[in-house]
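Subject: Structure handover

Hi there,

Here is the structure I promised, with the sequence alongside. Have a look at it first, and then read on for what turned up.

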Amino acid sequence: MLAEPFHSMVDVRCSGAAVERVAAHLGTTLPVRGWAAGPAEVSGCTAIWLGPDEWLVNSPFVSPADLEAGLREALDGEGAAVDVSAQRTTIRLRGAHARDVLETGCAIDLHPRAFPAGSAAVTTLGRAGVVLLALDDEGTDYRILVRSSFAGYLAEWLFDAAAEWHIEPGTG
């Protein structure tokens with residue numbers, strides 16, 4: 001488990017033609033479930049589906065102000081883009097027992113046939129609300145977006161959950 005570098009995050013709400021304009025700006029489709037990543041040479045952004053007309057767009061390469069401004073321009077007044085970068089911290093959990101650790105406190109089915117690479121879910125982990133992303137098809141690599149105020153609690157919870165498999169921090 002490790003904290004990932006800062007990611008700019010912008011919540012986008014839109015529908016209709018604005019969805020296509022935002023997708024063109026990002027260089028990827030806005031998914032109707034799960035997440036999709038745009039090419040790094042365009043924006044390096046990831047769009048995570050949160051609901052019928054809502055996505056969380058994040059990037060480690062674009063400043064929060066530039067990400068929000070670009071999305072607002074693409075929306076052309078037909079939706080909303082709000083910088084929520086300070087709201088969440090990103091935790092990366094990977095290793096042979098990553099799925100096992102998550103399953104001790106997550107009610108969704110994380111087996112790769114139900115939650116393959118490209119899947120995303122807004123759920124609870126421990127008692128913290130998170131956005132969970134599957135990064136591979138083996139159940140060994142996940143990205144967890146958690147509210148900054150819950151990050152310390154969740155890290156402690158993950159260390160405690162990993163103890164069952166005799167995993168020490170930093171050993172995978």
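Let me begin with one of the sheets: an open sheet of 5 strands, in the order β1-β7-β10-β9-β8, with antiparallel pairing. Its edge strands are β1 (2-3) and β8 (120-125), each of which pairs on one side only. Before going further, a note on what you are looking at: this is a predicted model, in which local features need pLDDT of at least 70 and side-chain atom pairs count only at pLDDT 80 or more, while totals for chains, interfaces and linings use all residues. Residues are numbered from 1 along each chain as its sequence is written, and side-chain values use heavy atoms, with hydrogens and water left out.

Two terms will come up throughout. Strands (E, at least two residues) and helices (H or I, at least four) are DSSP runs numbered from the N terminus; two strands pair if DSSP finds at least two bridges between them.

Within this sheet, β9 and β10 (residues 141-147) pair in the antiparallel sense over 5 bridges, and valine 131 stands opposite leucine 145 in β10. Helix α4 (residues 151-162) packs on the sheet and touches β7 (88-94), β8, β9 and β10; here contact means heavy atoms within 4.5 Å. The direction of α4 makes about 145° with that of β10 (axes are lines fitted to C-alpha atoms, for helices over the stretch in contact, and angles run from 0 to 180 degrees between N-to-C directions).

Is valine 130, buried or exposed? Valine 130 lies in β9 (residues 128-134) and counts as buried, at 3% relative accessibility (buried is under 20% relative accessible area, exposed over 50% and partly exposed in between, with a 1.4 Å probe and protein chains only). Leaving out residues up to four places away in sequence, valine 130 touches residues including Val122, Ile144, Val146 and Leu154.

The other sheet to look at is also open: 5 strands in the order β3-β4-β5-β2-β6, with antiparallel pairing. Here β3 and β6 (79-83) stand at the edges with a single partner strand each, so one side of each has no neighbour in the sheet. β4 (residues 46-51) pairs with β3 over 3 bridges and with β5 over 5 bridges, and a hairpin joins β4 to β5 through 2 residues. The bridge partner of tryptophan 49 is tryptophan 55 in β5. Helix α1 (residues 17-26) lies across β2, β4 and β5, at about 155° to β2.

Finally, the largest pocket has a volume of about 160 Å³. On a 1 Å grid over the protein atoms alone, a pocket is an open set of points where a 1.4 Å probe fits, with protein on both sides within 12 Å along at least five of seven lines, and lining residues have an atom within 4 Å of a point. Points are joined across faces, edges and corners, and the volume is the space filled by probe spheres set on them. Among the lining residues are Glu4, His7, Trp35, Ala37, Thr46 and Arg143. Arginine 143 is found in β10 and is buried, with a relative accessible area of 17%; among its contacts beyond four places in sequence are Glu4, Thr90 and Val131.

Happy browsing!
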